[in-house]
Every structure is written in structure tokens, then in C-alpha cells.
Amino acid sequence: MTRRFALHSVTKKFYLGLVLFFLYAPIFVLMVFSFNESRSRANWEGFTLDWYRVLLNDPAIARALRNTLLVAIFSTAIATTIGTFAAVGIDKLTRRARTLVMGISRIPVMMPDIVTGLSLMVLYLFVIRTFGFGRMGFGTLLISHVMFNVPYVILSVTPRLRRIDPNLYEAALDLGSTPIRAFFKVILPELMPGVFTGALLAFTLSVDDFMVSFFTTGVGVQNLSTYIFSQARMGVSPHINALSTLMFLAILALMFVIHKRDKIHAKRMKERMDVI
């Protein structure tokens, strides 16, 4: 019995290692070739940091990165605000209405990105040509990212909202608090883990998105995904590998910070429970 359990444990670890290898091996190869002296993606000709210097001196990359971060930050802030209040409003509906609205909010999540991007492009062109104002550009790109991020925030906040004791809000009102103050002082702090998760997911999806951005951006406005796509048709330069390496390391550092934050939060909660 012990031997069978040990074999089963080794098999699970081997399977997990195999999955992680297939997930991260391409990224590791990309990181290694970002230091390759040659432009070739197949031959190693020596170690160099030249591609990182090229990256730092490329104004097109700087503009694309700036657009990506601006759209990601603004769309995350707007979508998190809208999605949080939407989740609270949906929770107050009757059971049948709540089920209907939640089903509708899941449609953009399940819909292929190409359908979302194409439909938004048609909508923007219709509005521009019908009313004769505006143009495709940064504004349409930002609106599009807000639109597809809101459902993810709703789906992140809703489970946390259902775990809150409804008597907390009523108790705050009975103690003389206004509804707005009770929400921000009692309900919102309890929702923060779900809000933070939704915001992080929205930011990641915004940075990662290509298909919706491709259809809804305008001339002269590119984010990183559309810029890399335009470069890929002419052959990807190794400085794109350097950019991808820096982005991966930045995300890795962010995940490490989040992990440490969660551990500190769990430790504090445990200490509070021990005191009680």
C-alpha cells in the first residue's frame, strides 16, 4: 500500500513537472534568445545586451508601451468601478432577474474575441458616419477594453458579495450611518479581495488583448500587441524578445509581491483570530 502511494505521488509530480515544462519552455527559449548576438532565432552566436539597448532607443516601442499602459490603467479603473457597483446592484435583484442579468453578463466572456472586436468596429463606424463626429483611435480603444473587462470584474466580485453577512449593512444603518457611508465603510472593505482580483484580471486582459484592439484602434494608435503583429509580418526583431523578457519578469515580480501580500494578510488574520 505504501509503495503504491509513493508511486502515485511520483507520477503526480512528474505529470505536474511535464505540464509546467510545456507551459514555460517557450518563454525560457525566448528569454535566452533575447541575449543572442545574431538576429537568427535558430542559431546561438554569442551573448550580448545590444537588443536591450535597441529596445530602449526605439521610439515606436515606447509609444506602443505608453498606449498599452494608459489603456490598461484607465480601462481597469473604469471597469473595476462599473463592475463593482454592477455586482452590488445585481445582488439586490430578485432571484429570477439576477439569474437573467448574470447570464447576459457572461455572454461577452464566452463570445470569441473576433466577434466582439468586429461588432464594436461596426458600431463605431456607424456612429461616426451617422453623427459625423469622432474617429477611431485611443478613445474607441479605451471604450472597447472597458466593455470586455466589466464582465470579468462582475464575475470576480459577485462570489465575494454573496459571502457577506447582509445584517452588517443593516446594522450600520441602525447605528446611524448613511447608506453611502455604510457601503464604503462596511461593504466595500469586505469586497476588496474580489475587487482586487477583478482589477488584476482586467489589467492583465487589457495588456494581453490583440483581437479587439486590432479592430477598434485607429491610424497612428498602436498598443504592444498590434505593434508586434505589424512587425511579425516583416520578421520579428530580437529586441521584441527583449521586450517580452522584461514584461515576463515584471509580471513575475508582481505575482511575487501579491503572494507576499496574501501571506502577510493571512498571518494578520490568524493573529486576530488567536487574540479573539
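This is a predicted model: local features need pLDDT of at least 70, side-chain atom pairs count only at pLDDT 80 or more; totals for chains, interfaces and linings use all residues.

Student: Which residues make the contact of helix 5 with helix 6?

Tutor: Helix 5 brings Thr-116, Leu-120 and Tyr-124. Helix 6 brings Thr-140, Ile-143, Ser-144 and Met-147. Sort the residues of this contact by type: four are nonpolar, three are polar and none is charged.

Student: How is helix 4 placed against helix 6, parallel or oblique?

Tutor: The axes of helix 4 (residues 95-110) and helix 6 come within 8 Å, and they cross at roughly 140 degrees. That makes helix 4 oblique to helix 6. On the helix 4 side, the contact is made by Arg-98, Met-102, Ser-105, Arg-106, Pro-108 and Val-109. On the helix 6 side are Pro-151, Tyr-152, Ile-154, Leu-155, Thr-158 and Arg-162. This contact divides into seven nonpolar, two polar and three charged residues.

Student: Which residues make up the largest nonpolar core?

Tutor: Look for buried nonpolar residues joined through their side chains. The largest such core has 12 residues, including Ala-87, Val-153, Leu-161, Phe-183, Ile-187 and Ala-202. Helix 3 (59-91), helix 6 (138-162) and helix 8 (179-208) each supply at least two of its residues. Helix 8 gives the largest share, six residues. Apart from this core lies another, of nine residues, among them Leu-224, Tyr-227, Ala-242 and Leu-243.

Student: What is Ile-187 in contact with, leaving aside its neighbours within four places in sequence?

Tutor: Ile-187 is in contact with Leu-161, Ile-164, Tyr-169 and Ala-182, once those neighbours are left aside. Leu-161 and Ile-164 are also members of the largest core.

Student: Now Met-211. Is it buried, partly exposed or exposed?

Tutor: Check the relative accessible area. For Met-211 the value is 27%, so Met-211 is partly exposed. Met-211 sits in helix 9 (residues 211-216).

Student: How far apart are Met-211 and Ile-114, in sequence and in space?

Tutor: They are 97 residues apart in sequence. In space, C-alpha to C-alpha, they are 5.8 Å apart. Leaving aside its neighbours within four places in sequence, Met-211 is in contact with Asp-113 and Ile-114.

Key: Residues are numbered from 1 along each chain as its sequence is written. Side-chain values use heavy atoms; hydrogens and water are left out. A nonpolar core is a set of buried Ala, Val, Leu, Ile, Met, Phe, Trp, Tyr and Cys residues joined through side-chain atoms within 4.5 Å. Buried means under 20% relative accessible area, exposed over 50%, partly exposed in between (1.4 Å probe, protein chains only). Helices (H or I, at least four residues) and strands (E, at least two) are DSSP runs, numbered from the N terminus. Contact means heavy atoms within 4.5 Å. Ala, Val, Leu, Ile, Met, Phe, Trp, Tyr, Cys and Pro count as nonpolar, Asp, Glu, Lys and Arg as charged, and the others, Gly among them, as polar. Axes are lines fitted to C-alpha atoms, for helices over the stretch in contact, and angles run from 0 to 180 degrees between N-to-C directions. Angles under 35 degrees count as roughly parallel, over 145 as roughly antiparallel, 65 to 115 as roughly perpendicular and the rest as oblique.
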